[in-house]
Amino acid sequence: MAKKRPQTKAKRPQTTAGARTAGADGAVPVVGAREPCPCGSGRRYKACHGRAASHAATELVHRPFEGLPGECDWVALRELVPAATVELTLKDGLPEGVPAVTLATVLPMAWPALRRDDGSVLLGLQNDTSSGDISRDLADTLRRALEAEPGTPVQGRRAPADSPRLQDLLDPEGAFEPEVHSGFEFWVPDAENATPEVAASLERANAAAIPTVKLQGVDAAYWCETPEKNHLRWVMPHPEEQLLDALARLHAAGRSSLGEGTRLVGSFRAHGLTVPVWDLPSGVSAEDVEKPAAEFAERLAAALATDAPLTAEERRARGGLTNRQVTLS
């Protein structure tokens with residue numbers, strides 16, 4: 001289980017309006033940690049207003065992709081899918097000289113972002129971030145990539161605590177339609193003529209990628225193939241407690257499977273959402289589970305609408321599902 005950290009809704013640190021040396025808007029300027037705090041308290045900045053700024057920069061945002069189109073797919077691409085891309089729509093349109101902005105699960109050499117020779121931008125999603133707010137760090141990387149020289153990667157850094165988040169930069173009405181790839185050839189327009197360093201990184205990434213397919217009939221469900229068995233991992237937007245109750249009702253009634261030989265085995269918890277996981281026989285393909293998944297979605301909707309107390313058997317089923325829950329983030 002991941003370590004628990006404080007959770008926040010990503011509010012900006014509050015400053016003291018009317019502080020003696022604050023700016024006209026009441027904000028206290030940022031200074032060195034050991035310098036006197038500009039608010040005039042007589043304490044060092046790190047022990048005064050610097051504490052709020054530092055706290056805001058390190059707190060874990062429970063649902064960093066909340067409010068973005070396709071939140072469930074953002075979580076899946078961040079945690080579950082090896083190779084995928086999505087065309088992003090910026091709220092203010094594309095800057096001059098930037099023909100496209102594409103979100104990618106992973107970039108070569110784990111670059112946070114890349115400004116291609118043609119001016120287009122690739123933004124990497126599966127990178128370590130410096131603060132507890134993935135959305136703010138990604139937005140900071142994106143803004144710097146839009147201004148970078150063509151043909152250069154963008155390095156990661158801790159985003160300023162008051163900088164915009166993805167929710168501020170992306171069009172809330174824009175489509176979010178992931179394209180899952182079998183490999184990482186999307187890294188370079190001409191893979192055959194890639195530099196030796198990029199070619200080697202591409203080969204290593206392709207060798208490690210688990211075959212993955214996005215289901216078409218339901219939202220944010222991803223089939224994957226492993227040597228011993230296949231799996232379906234389905235990111236769901238429902239409140240966790242309500243979803244676990246519904247899954248327990250179906251599990252206790254013997255209606256939680258996706259067909260013969262399949263089994264609901266537990267769930268992940270990732271970025272504030274719950275991801276139920278099914279084991280599938282190795283011969284069961286993504287196409288084979290399209291219809292069973294759609295039928296399960298109907299059963300789940302009915303179970304979610306039920307507010308009767310859980311029976312003893314349903315409580316036991318819920319306990320078993322909870323005990324097999326793993327926190328990814």
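This is a predicted model: local features need pLDDT of at least 70, side-chain atom pairs count only at pLDDT 80 or more; totals for chains, interfaces and linings use all residues.
Colleague: What should I know about the numbering and the rules first?

Modeller: Residues are numbered from 1 along each chain as its sequence is written, and side-chain values use heavy atoms, with hydrogens and water left out.

Colleague: Which residues touch the most other members of the largest nonpolar core?

Modeller: They are Trp74, Leu142 and Val235, in a core of 38 residues. Such a core is a set of buried (under 20% relative accessible area, 1.4 Å probe, protein chains only) Ala, Val, Leu, Ile, Met, Phe, Trp, Tyr and Cys residues joined through side-chain atoms within 4.5 Å.

Colleague: And what does Leu142 touch?

Modeller: Leaving out residues up to four places away in sequence, Leu142 has contacts (heavy atoms within 4.5 Å) with Leu90, Val101, Val121, Leu123, Leu169 and Leu170. Apart from this core lies another, of 24 residues, including Val218 and Leu321.

Colleague: Changing topic, which residues line the largest cavity?

Modeller: The lining is Leu68, Pro69, Trp74, Leu88, Thr89, Leu170, Asp171, Gly174, Ala175 and Phe176. A cavity is a set of points on a 1 Å grid over the protein atoms alone where a 1.4 Å probe fits but cannot get out, and lining residues have an atom within 4 Å of a point.

Colleague: What volume does it have?

Modeller: The largest cavity has about 70 Å³, taken as the space filled by probe spheres set on the points, which are joined across faces, edges and corners.

Colleague: How confident is the predictor overall?

Modeller: The mean pLDDT is 87, and 86% of the residues reach 70 or more, whereas residues 1-25 are below 50.

Terms used: Buried means under 20% relative accessible area, exposed over 50%, partly exposed in between (1.4 Å probe, protein chains only). On a 1 Å grid over the protein atoms alone, a cavity is a set of points where a 1.4 Å probe fits but cannot get out, and a pocket is an open set with protein on both sides within 12 Å along at least five of seven lines; lining residues have an atom within 4 Å of a point. pLDDT is the predictor's confidence in each residue, from 0 to 100.
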